[in-house]
Each structure stands twice: as C-alpha cells, then as structure tokens.
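Please examine the sequence and the structure shown below.

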Amino acid sequence: MAAAKKGRRSSGSQGYPGRALAVILIALVALTGGIFLSGQRTPRLGIDLAGGVSITLQAKANQGSAVNKANMNTAVDIINRRVNGLGVSEAEVQTQGSKNIIVNIPKGTNADQAEKQVGTTAQLYFRQVLAQLPGTPTKPTPAPSGSATPTPSGSATPKSTATPKSTATSKSTATPSNSASPQGRAVTDALKSGTDKAPTPSPTAPVPTAPATGTTGSTAAADTSIPADLQAKLEKLDCTDPNQRATAVENNKAGEKVVACGQSGGQWIKYALGPSLIDGKRVTSANAAFDTQQGNGWVVNLTFDGSGSKQFTSVTGQLASQQTPNNQFAIDLDGDVQSAPSVSQALTGGSAQISGSFTQQSAEDLANVLKYGSLPLAFDIQDKTTVSAALGGEQLRGGLIAGAVGLALVVLYLVAYYRGLSLVALASLLVSAVLTYTLMCLLGSAIGFALNLPAVCGAIVAIGITADSFIVFFERIRDELRDGRSLQPAVARGWPRARRTILVSDFVSFLAAAVLFVVSVGKVQGFAFTLGLTTLLDVAVVFLFTKPLMTILATRPFFAKGHKWSGLNPESLGVRRAPLRSVRRKPSETKEA
Amino acid sequence: MSKLGTLGHKLHRGEVSYDFVGKRKIWYGISILITIVAIVGLAVNGLKEGIEFSGGAVFNTPKTTMSVSDVQNKISGDTGGHDATVQKLGNGGVRIQVSGLSTDASKQSQQQIAQSLNMPKDKIDAEIVGPSWGKEISQKAFEGLIIFLVLVVVYLAIAFEWRMAVAALVALLHDLTITVGVYALVGFEVTPGTVIGLLTILGYSLYDTVVVFDGLKEASKDITKQSKFTYSDVANRSLNSTLVRSINTTVVALLPVAALLFIGGGILGAGMLNDIALALFVGLTAGAYSSIFIATPIVAEFKEREPRMKALRKRVLAKRAADAAKGEQGEPEDAVIDDADGIDGDEPEDGATAAAGVVGQRTQGAAAGTRPARNQPPGRGSRGSRNRPSGKRR
C-alpha cells in the first residue's frame with residue numbers, strides 16, 4: 001500500500017469538489033457524444049450472442065504429409081491471434097476434421113478483411129532477384145536479343161540506385177528504395193534511364209539463357225544463373241492472368257529458384273528469383289507506418305531476431321557488390337513479390353522495410369499477419385457463411401433480466417440500509433454504468449471489443465463490486481460519526497483511510513488484470529481487459545464523483561444535521577449523544593440493546 | 001436498517017463481539033472438511049470439459065425451417081448427455097456442435113439426430129472438431145496466474161507483511177479449490193465462462209481479504225505500546241468493527257449473482273448463465289467466508305509466534321491476572337474502555353503521541369472520559385464486561 005498510498009490527488013479532490021465533478025461530467029458528455037457521433041450505440045456482441053460469419057478453410061491438397069495434427073493446431077493458434085490480436089474480439093477458431101479450420105467471427109466485423117487475414121499464409125522470404133521483366137509483354141518481345149526493347153527491365157535499376165543513398169543514412173534500416181513504384185514509371189521513361197546507364201546489364205537476362213553469372217562471380221553464395229527451364233517459365237509467364245499467377249504461387253518453394261509476379265503502380269512485373277536467403281520466421285515484430293521521408297506512402301517495418309539480422313547484414317552486403325538486377329532482393333510474400341529494392345551497401349540494424357502500393361489498411365493487415373508468423377500450411381477458403389447466435393436470445397434476455405433484478409435488489413438493499421446516503425451510491429453506480437457502457441460501445445469500433453455472455457455476467461457482477469468501494473467509504477464516515485464527529489469532519493477524516501483501502505484493493509485487481517493481459521491470449525486476455533477497465537473506472541468514479549459529491553452534500557443541512565432519512569443520523573447509527581454541531585434532539589430515549 | 005446500523009455501532013464500540021479468531025480451530029475444521037470434499041469430488045468425478053476445451057463433433061444439416069430452439073429441443077436426447085450448441089447457417093441449414101464425442105459416438109449421434117429431425121442420415125454430415133480454446137490459451141492463462149500470484153504475494157508482503165501475504169494466498173487457494181470442487185460435484189461442463197468466472201473470483205476474493213487486512217493493519221499499529229490486548233484480541237476486534245462492512249459488501253456482491261443463478265438456473269434451465277453464475281456464487285461466498293474466518297485467524301496465528309507478540313501476550317496475561325486480583329471495582333474498567341478505542345488507532349495523531357493514546361487518548365472524548373457522569377447508568381453493568389478480551393467472551 002505504501003505505493004498506493006502516495007495518493008496523487010489528496011489535495012485535488014479534497015480541495016475542489018466542483019472541479020472533480022466537472023471533470024467527470026465532461027467525460028460523461030464526451031463519451032456519450034462519442035457514441036452518438038460514431039453511430040455505435042450498442043456494444044458489439046460476441047458470436048455467442050449475435051452470431052456472425054463462419055469461414056471454413058481447407059488445407060491445400062498438394063502439401064502431402066505436412067497436413068498433420070501438429071501443423072493444424074499451430075495454424076489454429078496463429079489464425080486465432082491474427083483475428084483476435086487483443087483477445088477482445090471474441091472470434092473462435094477450431095479445427096474441423098483433419099484438414100479444415102473453422103473461423104467464426106462475430107457480426108459487425110469486416111468479414112472480407114477477416115477473410116484475408118485468416119487465409120493469408122504469410123510465408124515471407126527474402127530472395128535475390130535473378131531477372132525481372134515487365135509482367136505481360138514477354139511474348140511480344142521474345143527473341144530479339146540485346147536490342148532496345150528489353151531495356152525496361154533494367155530501367156528500374158537506375159531509379160533504385162538513386163534511392164539507396166537514403167538507405168545509408170537512415171540509421172535504423174533498411175530498404176527505403178522503393179523499387180516498385182519507380183519500376184512502374186520506369187516502363188515509360190525506359191529509354192531515358194536506359195541511356196543514363198549505358199551498360200544496362202539486364203537486357204542480357206531475358207535472352208541468353210544463363211548469362212548473368214558471368215557478370216558477377218564475386219561472391220560465392222550468389223549463384224545468379226537461371227536454369228533453362230526457369231527461363232522458359234519466366235518468358236511464358238503472364239502475370240495479368242490470375243490462373244498463371246496462382247500456379248506461380250503454388251510452385252513457390254523456399255529452397256528453389258522460382259518465378260514470381262509482383263505488382264507496382266498498377267503494372268505487373270515478373271521476376272526470376274533465387275532461393276530464399278532469409279526466412280520470415282526471423283521476423284520478430286512488424287508494424288505499419290506512413291513513410292513521409294522517402295515518400296513511399298504506407299510501408300511495413302520489420303524487425304529481425306538476432307540471427308535474422310546477421311543474415312540480413314551479410315546478404316545485403318553480398319548483394320551490394322553485384323550488378324543490377326542481381327543487387328536487388330525481392331520480398332516474396334506467399335509467392336507475390338511485394339517489392340524488390342536494390343541494395344548499395346550492407347544494411348545493419350536488424351530491421352527492414354517493405355514498401356509497395358499499400359493502403360493504410362493493407363499495410364496494417366500485412367503487419368498484423370507477419371507479426372504472428374506464417375502458417376505452416378497453405379489454405380483455401382472453402383466456404384463462408386453466416387451463422388446465428390449459438391446461445392438463444394433467451395440466454396441474453398435472461399442475463400439482462402437477472403441483471404435488472406440484481407440491480408433492483410442492490411438498490412433496495414442500499415436504500416434500506418443507507419437511506420439518503422444511498423442516493424450518493426446510486427448516482428455513483430449510474431455514473432459508472434454510463435461510463436462502462438459508452439466505453440464498451442466505443443471500444444467496439446475502436447479495437448473490436450465484443451461482449452460475450454460471460455462478459456455480460458461480469459458486468460452484472462461488477463455492479464456489486466463497484467458498490468463495495470462506496471460501502472467502504474460510507475462505513476468509514478459512519479465510524480467517524482460514531483466517534484462523535486459531525487459530518488463534514490467525518491467525511492474529511494474518513495476519506496483518506498477509505499481511499500487507502502480502495503486503492504490497495506483496486507491495485508490488486510488491476511495487477512491481476514495487467515498480468516493476465518500481458519501474458520495470456522484469447523478469451524482470458526479479453527477478460528483481463530474488461531477487469532482492468534472496470535477497476536480503473538471504479539477508482540475514477542470514487543475519486544472524481546463519489547468523494548466530491550459527498551463533500552458537497554456534507555454541507556447540506558439534510559445530511560449535516562443527520563436527518564432521520566439521511567442515513568447519517570447518529571442516533572440510528574447507535575450513537576447516544578448528538579454530534580457537536582447538530583440540532584438538539586430530545587435527549588435520546590437511549591435504546592439500550 | 002437501523003438494527004444493522006445499531007449493531008454496527010456496537011461492533012464498533014466493542015459492545016458486541018463475535019469470536020472469530022479464538023474459535024479458529026472450528027473454522028479451520030469446517031474449511032478443511034469442505035476442501036477435502038471438493039478435492040475428492042474432483043478426483044472422483046473429474047471435470048467435464050466443454051467443447052471449447054476438448055473438441056467434439058459437428059453436424060451440419062441441410063436447409064430446414066426449424067428454429068434453433070426447435071432443433072435444440074428435438075436433439076436434446078441424442079447427444080449422449082453432452083451439451084449441444086446449435087447455430088443456424090446462412091444457407092438455411094443448422095450446425096450442431098456436441099462436446100466430447102468420439103468418432104464412434106458421433107456416428108451414433110448422427111443417426112439419432114437424423115431421426116429426431118426427420119432427415120435422411122446421409123444428408124447430415126458429421127465431423128470431429130478440435131477445441132477452440134486450445135492448449136496454448138490454457139497454458140498462457142496458467143502462466144499468467146502463477147506470475148500474478150507471485151507478484152501479489154510480493155506486493156502484499158511489502159504493503160502489509162509476509163504473514164498477511166501468505167494468509168491471503170491460503171485463503172485464495174481455499175476459495176478456488178472449493179469452487180472447482182463444486183463444479184466437479186455438480187457435473188456442469190467447464191466452459192470458457194467458467195474459467196472467466198473463476199478468474200473473477202480471484203480478483204474478488206483478494207479484494208475482500210485486502211480490505212479486511214487493511215483494517216487489521218491499522219488496528220494493530222501500536223499494539224506493542226499497550227498491554228491490555230494480545231494480537232489475537234486486536235485482530236478479532238478489528239474483524240468485528242469491520243463486520244458490518246464485510247456483510248454489506250458481500251450481500252451487495254451476491255445479490256446480482258443470486259439473481260443470475262436463480263434466473264439462469266431456475267427459469268432457463270441449464271446453459272451458460274448457469275455455469276457462470278454457479279462459479280461466481282460459490283466463489284464469492286467462499287471468498288467472503290475465507291477473508292474473515294480463514295485469512296485473519298491465520299495471520300493472528302503467525303503473529304502470535306513472533307517474539308514481540310509473545311512478550312505482549314505475557315504482559316497482557318499478567319496484567320489481567322493483576323486486574324482480576326483487584327476485584328470488582330468499576331473505575332479501572334472504564335479506563336480499559338478508553339484504551340480499547342485507542343488501539344483502534346482511530347486518529348492519526350495517536351501515532352505521534354502513542355503513549356497518550358494508550359493511556360487516555362480521545363481528548364475530545366474526555367467528554368467520554370466523563371462517562372460515569374453521563375446519563376447511562378443502565379449501560380454500565382453491561383459495558384463493564386467489555387474490557388474482557390473479546391476473545392474470551394463467547
């Protein structure tokens with residue numbers, strides 16, 4: 001308690017009851033206004049109460065023995081975290097049969113977005129670019145060798161080489177060079193850039209089957225040769241055709257050289273890529289950010305773990321010494337090239353950046369997906385259907401009726417026992433109810449907070465627990481009255497002790513909430529969130545509302561003089577002599593008992 | 001109201017006192033008995049895991065016009081005693097999930113459900129589903145619990161002292177064991193709702209205990225500076241003086257839960273409401289009980305072993321013997337009354353002038369000092385007994 005006792009606001013709430021009341025009033029108005037403005041006037045309900053969307057995922061058939069129980073369970077855990085990152089959205093994920101996963105998402109969630117989140121495998125590889133070509137027109141520009149036409153592929157590189165200077169400077173990272181969008185433009189100003197850098201090496205790439213090797217030869221690891229079959233594939237590939245893209249994705253194996261498509265600035269680009277150099281498993285965290293410095297728009301920042309950052313440094317060091325396009329590395333996510341920045345020097349610091357044509361939403365989705373790791377399996381979405389609430393409406397209705405009955409009983413009890421004082425308690429309960437309700441509504445749209453039946457029950461129980469704080473306070477005041485004080489000093493003296501008790505016990509509750517929130521996942525995390533929220537609200541209401549209200553009411557004759565119905569009548573508290581300042585009552589017919 | 005209010009006053013003044021600490025053996029005995037029953041129940045019956053934990057079977061029916069509750073009623077006998085969750089799907093079909101069914105049992109259920117719903121069996125597809133509350137969630141929740149318990153013991157040891165921390169932990173484990181045991185005995189399925197109910201109890205039980213300890217700490221602040229009361233006496237007094245508050249907080253917390261239990265269990269029959277409300281009801285009751293009857297007596301027990309407290313006890317007993325020798329005179333007894341108030345540590349000033357606090361504090365209560373002069377002769381006889389340590393009275 002030593003910690004809790006260093007009560008911050010000993011003077012504040014004591015001195016200016018009006019101010020504290022104003023603060024809470026403003027908060028009430030702001031929150032209530034908030035729910036009307038946001039249009040979210042009821043809390044979102046969990047899938048057990050409101051139903052939602054059920055998505056069935058099926059493991060892709062070509063994965064053989066990888067479709068086993070362990071991998072399925074890992075996939076369930078990862079998907080659960082993706083759709084339920086904070087644990088408050090009440091989504092449910094479970095296996096069905098041997099190769100399906102069902103994901104249930106409560107109503108009101110953006111189902112399309114959720115679908116993307118659950119279906120993305122998120123296998124992330126960093127690969128060396130062996131060759132790149134504009135996405136479609138390979139057929140039109142087939143055989144003719146080193147002539148002018150093929151330049152587009154190379155053209156990208158001058159652009160990207162321009163950017164790396166920033167890679168060098170930006171201490172923390174990575175790969176600001178936005179190779180993607182320049183490439184889009186590159187197609188148009190191909191000639192110009194082509195002439196910029198006379199020895200554009202890339203023209204060699206498309207035509208002679210295994211040319212690039214000759215140019216480098218520098219570092220051992222980098223085998224930039226393109227086998228004939230891959231070259232053929234690359235030339236045939238038409239990235240504008242979804243089927244072909246899907247085939248490319250399916251053949252995307254970490255350890256092999258592959259062909260892949262990527263889109264930038266509305267243009268498809270196709271790549272021949274080397275084996276994976278760094279695996280996405282090395283990523284420890286990911287977040288979306290808006291890149292104002294490089295003008296890349298929305299980007300996703302990645303942080304590698306120890307060995308990942310070492311690999312990244314050595315790989316970028318090797319790439320930097322090579323010619324274009326071999327000095328580019330492609331960020332390959334599930335077979336799609338997100339971007340393929342070029343590297344001019346080894347990048348240290350253990351972080352990287354993915355840029356591309358992201359919107360805020362897509363950047364955040366990608367960051368979320370990368371953060372929780374890749375699925376061990378690839379899935380197809382097999383079915384998507386709405387589901388009704390699992391609990392009949394009568395359970396919610398029953399819960400609400402029970403809540404109303406419980407509340408009525410609490411009110412009756414408080415009124416019977418505390419009389420006039422119960423008004424303070426009821427007003428406080430009301431304030432705390434409004435705060436809780438509005439916050440839950442707003443959190444529904446802000447972080448996807450959803451109320452399931454256990455949470456509704458928790459809220460009902462919270463009625464009693466919140467009332468506890470008031471009772472602690474009231475009993476303190478009464479004890480002071482029993483010692484013969486009049487009301488105002490009794491409130492002033494009772495408060496510091498009640499405050500300490502309330503802070504110590506609320507601190508314990510909050511500790512439970514904080515630890516569970518940080519450590520656990522899923523529904524337990526959701527519970528911890530609710531517990532922490534109600535605990536903080538409890539403290540806020542007692543400090544900013546109950547106490548100031550009491551201070552003000554203590555000056556009112558009704559309470560100060562201990563009216564029979566005030567609940568503070570010393571006589572009915574059993575005190576035999578009247579408080580000093582109170583009106584003379586007829587010498588008490590001392591009820592001895 | 002005023003009855004409880006008057007009782008509150010008497011408890012505050014020490015006129016009425018219940019002997020919680022002195023009779024601790026009885027309470028321990030009761031608790032140990034209940035705990036044993038709970039553990040036996042747990043060992044024999046085990047816990048019935050809901051579909052969220054153990055998985056089960058899922059049946060999808062073709063399009064039907066039956067409502068969710070129709071289906072629920074019709075299939076209630078087909079699930080081998082397990083709980084069924086029914087959801088209507090977007091295509092008009094129904095999804096029925098049944099916990100704890102093995103592959104074989106699910107075939108049988110499939111047959112029965114098909115009959116009950118009057119549908120061809122091959123139109124209903126059955127599959128085994130895995131848990132949605134995976135091992136990982138349980139494991140992390142457990143880790144969180146352990147970390148929390150360690151932190152809370154450390155915190156209570158700093159804020160109060162290690163004895164109280166240990167006592168609070170014992171009380172908490174007591175509450176959790178009893179609640180889990182009741183689940184095993186009643187045979188309700190353990191659902192995420194249950195787990196969440198248990199976690200709520202965790203917070204509530206500690207809250208209650210901490211409130212009681214806070215009063216105890218305050219009451220025993222200057223305990224070694226007097227020689228009228230042993231630690232147990234003071235602990236008992238402190239419990240008594242906060243008894244009304246404990247009763248009120250418990251009643252107020254239990255009322256809504258009782259409403260849940262009654263409406264959930266009595267009117268709706270089995271269901272999630274029932275599961276949660278039962279956990280909460282049992283847990284909250286146990287929590288209120290243990291903070292008074294278990295936690296505080298344990299603290300007293302620990303404290304009495306401290307050399308300081310042993311010395312105190314010796315002094316107190318000696319003094320009492322002396323007082324008894326002095327006989328039936330009224331005066332010294334009144335002095336004792338004032339001391340009693342002093343120990344309550346009501347005024348912060350007491351700390352500063354501790355000695356005065358013991359001897360004749362309550363300056364404005366000098367008014368009280370003139371008590372003999374005031375108009376309650378009738379009270380005296382009964383009050384006379386007050387000085388006797390409450391621990392010995394009943």
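Of the 394 residues of chain B, 51% count as buried; a residue is buried if 20 or more other C-beta atoms, placed from the backbone, lie within 10 Å of its own, exposed if 12 or fewer do, and partly exposed in between. This is a predicted model, in which local features need pLDDT of at least 70 and side-chain atom pairs count only at pLDDT 80 or more, while totals for chains, interfaces and linings use all residues. Residues are numbered from 1 along each chain as its sequence is written, and chains are lettered from A and ligands numbered from 1 in the order in which they are written.

**The two chains**

- Chain B contains 17 helices and six strands; helices (H or I, at least four residues) and strands (E, at least two) are DSSP runs, numbered from the N terminus.
- In chain B, 78% of the contacts with a separation of 6 or more are between residues 24 or more positions apart; two residues are in contact if their C-beta atoms, placed from the backbone, lie within 7 Å.
- Chain A has 21 helices and twelve strands, and 55% of its 593 residues are buried.
- Among contacts in chain A between residues at least 6 apart in sequence, 75% join residues at least 24 apart.

**Annotated spans in chain A**

- The unreviewed UniProt entry places the feature "transmembrane region" at residues 20-39, 396-416, 423-447, 453-474, 502-521 and 527-546 of chain A; UniProt positions are given in the numbering used here, feature names are shortened, and annotations may be inferred rather than shown by experiment.
- Residues 396-416 of chain A are 100% helix and 0% strand, with end C-alpha atoms 30 Å apart.
- Residues 502-521 of chain A are 90% helix and 0% strand, and their end C-alpha atoms lie 29 Å apart.

**A helix pair in chain B**

- The axes of α8 (residues 192-219) and α9 (residues 231-241) of chain B come within 9 Å and cross at roughly 130°.
- α8(B) is therefore oblique to α9(B), a word for angles that are not under 35 degrees (roughly parallel), over 145 (roughly antiparallel) or 65 to 115 (roughly perpendicular).
- B:Val212, B:Gly215, B:Leu216 and B:Ala219 in α8(B) meet residues of α9(B), including B:Val234 and B:Arg237.

**A buried alanine in chain A**

- A:Ala367 belongs to helix α15 (residues 360-371) of chain A, and is buried because 21 other C-beta atoms lie within 10 Å.
- A:Ala367 and A:Val300 are 67 residues apart in sequence, yet their C-alpha atoms are 6.0 Å apart in space.

How values were computed:
Axes are lines fitted to C-alpha atoms, for helices over the stretch in contact, and angles run from 0 to 180 degrees between N-to-C directions.
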